[in-house]
Amino acid sequence: MLDERDPGAPVLPRPGPGGPAPGDGGSLSERDAEAHVGRVCFTTGQPRRVGVELEWLVRDARDPRRAVPPALLDAALAPLAAPGALPGGSRLTREPGGQTELSSRPAPDLATCVRDAAADCARLREALADAGLAPVDSGLEPLRAQPRVLDHPRYRAMEDYFDRYGAAGRVMMRATASVQVCVDAGDDTDGPAGYRHRWRLAHRLGPVLVAAFANSPLWRGRPTGWRSTRQAVWGRIDPSRTRPALTGTPGRGAGDGDPRAAWTRYALDAPLLCVRRSPPAAWSAPPGRSFRSWLRAPHGERPGLADLDYHLGTLFPPVRPRGWLELRMIDAQPGDGWTVPLAVVRALLDDPAGAEAAHRATEPLTGGGPLPGPELWLRAAHRGPSDPLLGPAVRACLAAAESVLARDPADASLRRAVAAFAERYAARGRCPADDQLDDAARS
């Protein structure tokens, strides 16, 4: 993945198209840009691989309200940068608010992905504990205002850009954490393994995943009224780069057209968030300029292929195509709870029977259209699985995932984890956020 806060390397490798792309080494035409986006963002092939990206906010283990000195966190994480320090081979990165992220290697199966990522999580937790630190088991820093601790022209430009929409952008950058599941885009068929079907199903599952795994109900020590305040924060940031990409008028990206064409429009019409420049120049982008407008009427130098690829990494819809599909809507989970959404997504997208069951379960969410409307994402964030429309879909999807996992002995422990989660939360109209709310009410 290319994270919204860290211009790092992707968790799943993007295969090359077999030769230099148009625009390499020079300026880029609009036609070349459209072809490039469509080509690199949906790499087709039999879906096999799975990866996970795990973000955590970090707190002082003895006093959660005390700010963590950046130098202390730097020192705690430094040994993990050595070759072989993370036994599962994950990539460790840092985020503007001090969040720590592990990005797993692409794995050929679910059990391997969980085994390797869990080993790296354990090593990270040990390193933090040795420094008197601990991960925050929430998708939003629940107790204190979080400063930006990393300085980079990208981050300064992002803050300047998001400040035009209010304070939510700074909250997103500094105080949120997620579980992101990465799966292959799919092949070029029209069936469940095809990228068109998988793209639509990922968007149908999105509100279900928001509701089931909502885990960010507190902000500065008080309930916000949302089960997933993190998702609500995303809803208040520039919609041209954060809304689901398959929304719009029929035939223009509403879910019934070609995902490549819809995403290409979305990407090129999104405003520029930042423009890379040589020091000491700021990276702030001209207000109101999209990448398409930059191609048509350049300001300064014409954009090249590298500029386009960088722009693609500044788009943050809940399902993002990067050659693979990145599902970005899940709050960070308590403890090892990240294994449950990872297993659910894998089962419902990559297994044909699971995909069929998920399609049926989400049919009531679409209002007769191909996909849920944007309002349902916020409804999921607000009420979680207690919502009378979303609750049955959550329960049906978890049950379908459990059935898929039951067929492979290698997934037995994950099946039990999904079943336990369903019994503890979904069957009772609850989600992890309700545990936080109960604890806050008792304190």
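Colleague: What should I know before looking at side chains here?

Modeller: The model is predicted, so local features need pLDDT of at least 70 and side-chain atom pairs count only at pLDDT 80 or more, while totals for chains, interfaces and linings use all residues. Residues are numbered from 1 along each chain as its sequence is written, and side-chain values use heavy atoms, with hydrogens and water left out.

Colleague: How many aromatic pairs does a search of the whole structure find?

Modeller: A pair of aromatic rings is described by the distance of the centres and the angle of the planes. Rings of Phe, Tyr and Trp (its six-membered ring) pair if their centres lie within 6.5 Å; planes under 30 degrees apart are stacked, over 60 edge-to-face, and the rest tilted. The search turns up 11 such pairs. Take Trp 234 and Phe 316: they pair edge-to-face, at 5.9 Å centre to centre with 65° between the planes.

Colleague: Where do Trp 234 and Phe 316 sit in the chain?

Modeller: In distant parts of it, 82 residues apart: Trp 234 is in helix H7 (residues 229-235), and Phe 316 is in the loop between helix H11 (305-312) and strand E9 (319-321). Those labels are DSSP runs numbered from the N terminus, with helices (H or I) of at least four residues and strands (E) of at least two.

Colleague: Is Trp 234 buried or exposed?

Modeller: Buried means under 20% relative accessible area, exposed over 50%, and partly exposed in between (1.4 Å probe, protein chains only). Trp 234 has 9% relative accessibility, so it counts as buried. Phe 316 is buried too, at 2%. Ring pairs also link both of them with Tyr 161, Phe 162 and Tyr 165 into a cluster.

Colleague: Which aromatic pair is stacked?

Modeller: Trp 263 and Tyr 266 make one, with 5.0 Å centre to centre and 15° between the planes. They are three residues apart in helix H9 (residues 259-269), so about one helical turn separates them. Both Trp 263 and Tyr 266 are buried.

Colleague: What sits over the ring of Tyr 195?

Modeller: A charge counts as over a ring if NZ of Lys or CZ of Arg is within 6 Å of the ring centre and within 35 degrees of the ring normal. For Tyr 195 it's the charged end of Arg 260, 4.7 Å from the ring centre.

Colleague: And how many salt bridges does the structure hold?

Modeller: Side chains of opposite charge can pair when their charged atoms come close. The cut-off is a side-chain nitrogen of Lys or Arg within 4 Å of a carboxyl oxygen of Asp or Glu. The structure holds 36 of them. In one, Asp 60 meets Arg 66 at 2.6 Å, N to O; Asp 60 is buried at 7%, whereas Arg 66 is partly exposed at 40%.

Colleague: Which distant parts of the chain does the bridge between Asp 434 and Arg 227 link?

Modeller: The closest N and O atoms of Asp 434 and Arg 227 are 2.9 Å apart. That pair links helix H17 (residues 432-442), which holds Asp 434, to the loop between strand E8 (222-223) and H7, which holds Arg 227; the two are 207 residues apart. Asp 434 is buried, at 7%.

Colleague: What does Arg 442 pair with?

Modeller: Asp 439, with the closest N and O atoms 2.4 Å apart. Both lie in helix H17, three residues apart, about one turn of the helix. Arg 442 is exposed at 64%, while Asp 439 is partly exposed at 43%.
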